[in-house]
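User: I would like to learn how to read the features of a fold. Please take me through one model step by step.

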Amino acid sequence: MEDKKTLMVVAAHPDDPEFGAGGTVAKYVREGWRAVYVICTNGDKGTPDPEMTSERLAVIREQEQKNAAKVLGVSEVVFLGHPDGWLTDSPEFRGELVRLIRKFRPELVITHDPTRKYMGHHDHRITGQVCMDAVFPYCRDHLFYPEHKAEGLTPFKVGEMYLTGAEEPNKYVDITETFDLKMKAIACHVSQVGNRTGDWESWVKARREQAEAMSKERGMPLSEAFHRIEIRK
Ligand SMILES: [Zn+2]
């Protein structure tokens, strides 16, 4: 367990890890990596159902996220529980991510690309930006958040980041072998895809065709696209 390389997905909402990187997570887990999720908000606004309440939705979405993580072989899911839609770039939120990176010591951190130019979800933008800041330089330098020392946590240097939803992808991961698992994990988010998809089979077929079209020029049957950043150690 200790020699395993760790990847950490830092996502704004339950379901973001699966949509953005589910195939990659499953692939790396199969290759022997340990995967950890950090879910920043409780997703308590994500419903068109007028009868649903935020309290009930948060409980449902946490369980759905646990189910999806299990399908992909994720070892641990940390829920920060912030209200959906209200993340802010604050020292407190940054400190939460710094603490978890120092604790789990991931070689690879996967998060949202915060640099999308036009439309983008507020929480994705904030999560991506705060996570990038947490990786560099806050979790590297021991004088940032020195209170972590009392917990036995020491500074840590992340090796690389993959950003999801990137407008300028430069890294394609072949997910041919894990595409079906990714779809199975997405299907766990019943509150999100349950009503929208109608016929599940045809929805999956459309996703597959979309991924095939994107992957063709990369010479891969099915892939996930990221903007990769290598961090000098
Ligand atoms: Zn999201």
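The dialogue below goes from the whole chain to its sheet, its helix pairs and its backbone exceptions.

User: What should I know before reading?

Analyst: This is a predicted model: local features need pLDDT of at least 70, side-chain atom pairs count only at pLDDT 80 or more, and totals for chains, interfaces and linings use all residues. Residues are numbered from 1 along each chain as its sequence is written.

User: How many helices and strands does the chain have?

Analyst: Helices (H or I, at least four residues) and strands (E, at least two) are DSSP runs, numbered from the N terminus. Here the chain has seven helices and seven strands. Their pattern along the sequence is β-α-β-α-β-α-β-α-β-β-α-α-α-β.

User: What is the radius of gyration, and what would a compact globule have?

Analyst: The radius is taken over C-alpha atoms, and the globule rule is 2.2 Å times the number of residues to the power 0.38. For 233 residues, a compact globule would come near 17 Å; the chain has 17 Å, which agrees. The C-alpha trace spans about 55 × 45 × 40 Å along its principal axes.

User: What is the strand order of the sheet?

Analyst: Strands of a sheet pair through backbone hydrogen bonds, either parallel or antiparallel. Two strands pair if DSSP finds at least two bridges between them. In this model, seven strands form an open sheet in the order E3-E2-E1-E4-E5-E7-E6, and the pairing is mixed. Strand E3 (76-82) and strand E6 (171-174) are the edges, each pairing on one side only. From one strand to the next, the twist averages 25°. Angles run from 0 to 180 degrees between N-to-C directions, and axes are lines fitted to C-alpha atoms, for helices over the stretch in contact.

User: In which sense do E4 and E5 pair?

Analyst: Strand E4 (residues 108-112) and strand E5 (residues 160-164) are parallel, with five bridges. Ile 110 stands opposite Tyr 162 in E5.

User: Which strands does helix H2 lie across?

Analyst: Helix H2 (residues 54-72) lies across strand E2 (34-41) and E3. H2 runs at about 155° to E3.

User: How do I read a helix pair, say H2 and H5?

Analyst: Two packed helices are described by the angle between their axes and the distance between the axes. The axes of H2 and H5 come within 8 Å and cross at roughly 165°. H2 and H5 are therefore roughly antiparallel. The cut-offs: under 35 degrees is roughly parallel, over 145 roughly antiparallel, 65 to 115 roughly perpendicular, the rest oblique.

User: Which residues of H2 and H5 meet?

Analyst: Contact is counted if the C-beta atoms, placed from the backbone, lie within 7 Å. Ala 68, Val 71 and Leu 72 in H2 meet Leu 181, Lys 184 and Ala 185 in H5.

User: What about H5 and H7?

Analyst: Helix H5 (residues 179-187) packs on helix H7 (residues 200-216) at about 135°, with axes 11 Å apart. That makes H5 oblique to H7. Phe 179, Met 183 and Ala 187 in H5 meet a set in H7 that includes Trp 200, Val 204 and Arg 207.

User: Where does the backbone have a cis peptide bond or a positive phi?

Analyst: Most residues other than glycine have a negative phi, and most peptide bonds are trans. The bond from Phe 136 to Pro 137 is cis, with omega near 5°. Pro 137 sits in helix H4 (residues 122-138). Asp 15 is not a glycine, yet has a positive phi of about 95°. Asp 15 lies in the loop between strand E1 (6-11) and helix H1 (16-30).

Notes. Two residues are in contact if their C-beta atoms, placed from the backbone, lie within 7 Å.
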